[in-house]
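Have the viewer open while you read.

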Amino acid sequence: MAWPALPLLVLLAATRAAALASPTNIFAPASTPAHSIYRLSIFELEVLGAIFVVVSSLLAYAAIRFRDGRQEGQAEPPQIYGSNQMELAWTVLPVLIVVVLFLSSAQVIHRVQDAPEPPGSIEVTAVAHRFWWEYRYPQLGLVVANELHVPVSDPSRPTPTYIHLLSADVDHSFWVPRLAGKTDLIPNHPNDMWIDPHQSGLYLGQCAQYCGTEHAKMLLRVYVQSRDEFDRWAQGQQQPAVTSSSVAVGSALFISKACFACHTIGGTIAAGKAGPDLTHLMSRDTIGSGSVPNTPDNLQKWVRNPAVFKTGTLMPAQDLTDQELQQIVAYLVTLR
Amino acid sequence: MAASTDSLPRFAARKNALAVIYEWLGTADHKKIGLMYIVYALVFLVVMGVEAVLMRIQLAHANSSFLSPEVFNRLFTLHGTTGVFFVGMPILFGFGNYLVPLMIGARDMAYPRLNAFSFWMTAFGGLLLYASFFAGNSVAQAGIAPDVGWFAYAPLTATAFSPGHSTDYWNLALLVAGVGSISGGVNFIATILGLRCPGMTLSRMPLLVWMNLVMGGLVLVTISPLTAAQLMLLADRYLGAHFFDPQAGGSVVMWMHFFWIFGHPEVYVLIIPCFAFISEIVPVFSRKAIFGYPAMVAATTSIGFVSLGVWAHHLFTIGMPSYGNAFFVLTTMVVAVPTGIKIFNWLATMWGGRIRFATPMLFAVGFLFQFLIGGLTGIMLATAPFDWQLANSYFVVAHFHYVIVGGILFSIFAAFYYWFPKMTGRLLNETLGKWNFWILLVGFHLTFDTMYVPGLLGMPRRIYTYEAGRGWESWNLITSIGVIFQGVAVLIFVYNMVWSYLRGPLAGNDPWDAWTLEWATTSPPPEYNFAQTPAVRSRRPLWDIKHPEDPDSKYE
C-alpha cells in the first residue's frame, strides 16, 4: 500500500529536478505576476499536500487495519449508521480551509489583475494570427513579428510592459510561464496583461489555446534586454529597409511573384498585412514563429515550400524556379 | 440454483438469428436496453483507447512525425467527444437503466419505449460522428473528421475556418445524442419518483437510486444549453446567423459560456453515478451500513446545485473582471465541501468493518485514493491565479484523466465486477480480476502521475508535437509507456468477461451477501424482475430478512 504516496513523490521529485532543466517552468518565475502566482501556488500545495497526507493515511490505515481476518463464519461487525458530530466536524473544517484558500486567491487576483499602469511603462499590442504573432509598439511606431522585445524592469524604477491582446482570426492564448500566467486573445474581445521581467534573457512560451492545424508551432519568444539594448533594437527596427542594387532582381521578384500581397517591407511598396512584417527579417533568430532557426538555408527551404517545416501554415508553396528562389532569398537575407 | 440456470441465455431454446436480432432491436425491456448501452459504450471505449494509443505514440518523442498535425487534431477531437458522449454517458446510463428499476422493486422504467428511443438516439449519434470518416470530405483539404476539439470553440467552427462538413458531423452527432440523453434523464426522474415499491420512501432509497435521480435532474438542465448552442451554431453555418461571428456583432465568448454551463455540470453527470457505485460497493464489502446516509444524500444534491454555478472556472483566462474571477473561485472551491463529506463518509463506512478485498472493493479503494488526488488538483485549478498558469496545459489533462480514468473508469470496473453476476448469472474470475486491477493501477499511475509534470513545465495541451529541450521528453515517454499496461489490463478484462460469460462459476441470486433489492431476484432477473412486488421497511431490505433479530427498520 505504498502507492498512494507515489504521485506526491513523483510531483516533488519532478518539480525539483525540472526547476533547472526547463525554460518554461512555472515554478521559476522572473516577473511580478508569475511571482505572485508562484507564492500562492506553493502555499496552496502545502495546504493540499497536508490534506492528502492525512486523508490518504486514514484510508490506507482503514484498508489495512479493518481487512477481513479470514475467520469464516464470524458475525457481522457492529452496524454504525452515522454521527452528526462527525458530519459537522468534516463539514466545518473544509469550510474553514476553503475560506482561507479563497481569500488568498482573491488577494492575488486583485494584485495581478487590478494593478494600475505606472507612467513610463512600455505598451505593446499583440495581434495573434493563425499561426504567428504580430507585435505593435504604438509609442515607437513599430510593427514586428514573432519575437517580442521588452526592456528589463528594475524593481526600484519599474518599466513594466503592458500588452494589449487582440486576435485577427480565432482564439489564441499568450503564455510565457516564467513571466506571467496566460491570457487569451479573442476576436472582438480585447484583453490586457502585464509583465515586468527582472532579468534580461530569452523567455519561451507558446500559444495555449487550440487555434487549428499548426497550434503546436505558434511559439512565443520574449527577448528581455537592458534598457540601452532595447532602445538600440527599437531604433534599428524603425529604419526602413535598404535595398542594395546587387539584389534588385530579388526585390523585383518579391513584388512580381505577389509576396508583397501578404508581407510588408518598410520603404518599399510591399505593404501586405496577412503575414509577418519582413522589414528586418534577418534581425530575428527564427522563422515560422519559432519553428526553425533563421538561416539562409532554412529560409530557402521555407520560401520554396513552408510546409516542410510547418504543414498547416497559411503561406502557400511558391511556384518558383531554382534561380528565382535563390534571387528572392538573396534579397531577403539583406533585410537586416 | 436450478431456477437461475434455466434462465441463462445459452440454455434457452435456440432461436434463429433473425428472431434474436429482432428481439434486441425491438426491445423495450430496461435490462436489455441497459446491456445494449453498456456493450455499445465498451465498443467505443476500445475505439477511444486506440485513438489515445496513436496520440501517445506521436507524443512519446519530441519532433515526432508519426502522425500529421491534421490527423492528430482529429484524433484528440474524437477521443474527447467519444469519451464524454459515447463512452461515459452511455455506460452510466446503461448501469442506471439496468439497476434502478431492480433496486426500487419496479417492473421496468417509467417509459419503456422512450427508454428505447433514448438508446437508439445515442447510438445513432455515435455512428453519425464516426460516419464523418467516410462522408465528411466535401471540400478539398477540409478534413474528413471533425478537428475543432471537443469544446469546439467559436470561431474555429465557423465556415471560414472549418469548411466542408466535418464540423457539422460533430455538431449533429451531439445534437442527436443530446436528445437521447435528455429523454433518458426524464425517464430516470419519472421512474424514481413514480415507481418505487411499497414502503420505499425517498429516505429509504438506496444511495445509487438517489444519485441517479440527481444525475437525471442534472442532465435536464445541462444538456439543454449545449443543444441550444448547437442549434445556434447550425444557424450560423447554414442560415447566415451571426450568434458566434465576431465580425458581425456575434460573441465568441458566448459560445464559451454556453459550452461550459453544459460542460462542467456534465462532469458531475459522469461522476455522480460513480459515487453511486462506490456507495453501494463500499458498504457491502466492509459489511457495514453506509455511514451518514442523510449526509450523503444532502451532499449529492448540494453538489448537483452548486455544480450549476461553477462553469466559468474554465474561463479564468478569457479576461473576466477580477470580481467575476473571484466569484467563480469561491463557488468552485465550495464544491470541495460536499465532496469531502462523501469521502469521509465512505472512509467511516470502512472504519470498523470487516473489509473483503474482492475485485470490486479493490477498484473501489483505488477510486477513493485517485479521486482524492483528482479532487485536490481540482482545487489547484479552481484557484484563478494558479489556473492562469495551469489552464490548457498538460496539468489539466492529467487532472481530468485522474478523475475520468482514476475515478470514473475505476468505479465502472468496480461496478462490472460487482453486478456482472447479476446481469449474466456468472461470476467474473477473481484471479483475472486481480491481475486486471493491479496492471491497470500500475499503468494508470505511470501515465497520469507523470502527465502532471510537463504541464508544470509549460507544455500546452492539444499540440501534435513539441521541440526538444523544454524538459518534457522523459515525462512524455513514461506517460506513453504506461498506456501499454492500461491496454493489457483492458484486454484481460475483455478476456475475463468473455471467458466468465461462458465458463464462470454460477453466481446464484446473491453472491456478495448484499442488501439491496436487485439481489432478491434471480441472476439474471426474469423479464418481469420480481414475481411479487417486494415491500420494504428499511434502506437494506435484505439485511432485515437475513437478520430478523436486528433489522435496520428498528433504527430508521
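1. Ground rules. This is a predicted model, so to speak of local features I need pLDDT of at least 70, and side-chain atom pairs count only at pLDDT 80 or more, while totals for chains, interfaces and linings use all residues. Residues are numbered from 1 along each chain as its sequence is written, with chains lettered from A and ligands numbered from 1 in the order in which they are written.

2. Chain B overall. It's a helical chain: 17 helices and zero strands (DSSP runs numbered from the N terminus, helices being H or I with at least four residues and strands E with at least two). The C-alpha atoms of chain B fill a box of roughly 70 × 55 × 40 Å along the principal axes. A compact globule of 556 residues would have a radius of gyration near 24 Å, and chain B agrees, with 23 Å (taken over C-alpha atoms; the globule rule is 2.2 Å times the number of residues to the power 0.38).

3. Chain B inside. Of the 556 residues, 62% count as buried, meaning that 20 or more other C-beta atoms, placed from the backbone, lie within 10 Å of the residue's own. Among chain B contacts between residues at least 6 apart in sequence, 81% join residues at least 24 apart; a contact here is two C-beta atoms, placed from the backbone, within 7 Å.

4. The interface. On the chain B side, 78 residues are in contact with 84 residues of chain A. Several helices of chain B give two or more residues to that side, including helix 4 (69–103), helix 8 (252–286) and helix 15 (430–456). Helix 11 of chain B gives the most, with nine residues. By type, the chain B side divides into 51 nonpolar, 19 polar and eight charged residues (nonpolar is Ala, Val, Leu, Ile, Met, Phe, Trp, Tyr, Cys and Pro; charged is Asp, Glu, Lys and Arg; the others, Gly among them, are polar).

5. Helix 3 of chain A. What do its buried residues pack against? They meet helix 2 (32–65) of chain A together with helix 9, helix 10, helix 11, helix 12 and helix 13 of chain B. Among those buried residues are A:Trp90, A:Leu101 and A:Ile109. Helix 3 (residues 84–113) has 30 residues and reaches 42 Å from its first C-alpha to its last, close to the 44 Å expected (1.5 Å times one less than the number of residues).

6. The three-stranded sheet. In chain A, three strands form an open, mixed sheet in the order 4-10-9; strands pair if DSSP finds at least two bridges between them. Strand 4 (147–151) and strand 9 (201–206) each have a single partner strand, so one side of each lacks a neighbour in the sheet. Strand 4 runs parallel to strand 10 (residues 219–225) over five bridges, with A:Glu147 partnered by A:Arg221 and A:Val150 by A:Val224.

7. Strand 4 of chain A again. Is it buried or exposed? Five of its five residues are buried, with A:Glu147, A:His149 and A:Pro151 on one side and A:Leu148 and A:Val150 on the other.

8. The five-stranded sheet. Also in chain A, an open sheet has the order 3-2-1-5-8, with mixed pairing. Strand 3 (142–145) and strand 8 (191–195) are its edge strands. Strand 1 (residues 122–129) and strand 2 (residues 132–137) pair antiparallel over five bridges, and A:Ala128 has A:Trp133 as its bridge partner.

Definitions and conventions. A residue is buried if 20 or more other C-beta atoms lie within 10 Å of its own, exposed if 12 or fewer, and partly exposed in between; C-beta atoms are placed from the backbone.
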